[in-house]
Amino acid sequence: GDDEKKEKKEEEKTDEEKKDKKDDDEKSWTIFWKEFNKNLKMGCYEDDSNRSKLSKLLRFTTTKSEGKEISLDKYLDRMQESQESIYY
C-alpha cells in the first residue's frame with residue numbers, strides 16, 4: 001500500500017541524489033584536472049617516492065575513450081593482450 005509507495009519514492013530520491021553527487025564530483029574533478037594536470041604529470045616524472053600515488057590521479061584521452069579522459073588503470077584494463085606499449 002502506501003508504505004510501499006513511500007519506500008519506492010525514497011529509493012528513487014536516493015538514486016537521484018547519488019546521480020547528482022556523481023555529476024558534481026565529475027565537474028569538480030574536471031575543474032581540478034584542468035588546473036593541476038601539468039603539476040601532477042611533472043610530479044610523476046620527478047617524485048619517485050610518490051609516483052604510484054600520483055599516477056592514480058592521472059587521466060588520458062584515448063582513441064577509444066570517446067573524448068573523455070580516463071584513468072591509467074581503466075586504460076590498462078581496456079588494453080588488448082597483444083598490445084605491448086602505451087603511446088602518449
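These notebook entries record what I looked up in a predicted model.

**Entry 1. Ground rules.** I number residues from 1 along each chain as its sequence is written, and I use heavy atoms for side-chain values, leaving out hydrogens and water. Because the model is predicted, local features need pLDDT of at least 70 and side-chain atom pairs count only at pLDDT 80 or more, whereas totals for chains, interfaces and linings use all residues.

**Entry 2. The core.** I asked which residues form the largest nonpolar core. I found 5 residues: Trp33, Leu40, Cys44, Leu54 and Leu58. Such a core is a set of buried Ala, Val, Leu, Ile, Met, Phe, Trp, Tyr and Cys residues joined through side-chain atoms within 4.5 Å. Buried means under 20% relative accessible area, exposed over 50%, and partly exposed in between (1.4 Å probe, protein chains only). Helix H1 (residues 2-46) supplies the largest share of this core, 3 residues. Helices (H or I, at least four residues) and strands (E, at least two) are DSSP runs, numbered from the N terminus. I then looked up Leu54: apart from neighbours within four places in sequence, Leu54 is in contact (heavy atoms within 4.5 Å) with Leu40, Gly43 and Cys44.

**Entry 3. Salt bridges.** How many salt bridges are there? I counted 2, taking a salt bridge as a side-chain nitrogen of Lys or Arg within 4 Å of a carboxyl oxygen of Asp or Glu. One joins the side chains of Lys21 and Asp25 (3.4 Å, N to O). Lys21 and Asp25 are both in helix H1, 4 residues apart, about one turn of the helix. Asp25 counts as partly exposed because its relative accessibility is 41%. Asp48 forms a salt bridge with Arg51, with the closest N and O atoms 2.6 Å apart. Asp48 has 58% relative accessibility and therefore counts as exposed, whereas Arg51, at 33%, is partly exposed.

**Entry 4. Thr30.** I located Thr30 in helix H1. Its relative accessible area is 37%, so Thr30 is partly exposed. Between the C-alpha atoms of Thr30 and Lys41, 11 residues apart along the chain, I noted a separation of 15 Å.

Entry 5. Lastly, I examined the class of the residues that line the second largest pocket. The lining has 9 charged residues (Asp, Glu, Lys and Arg), 3 nonpolar (Ala, Val, Leu, Ile, Met, Phe, Trp, Tyr, Cys and Pro) and 3 polar (the others, Gly among them).
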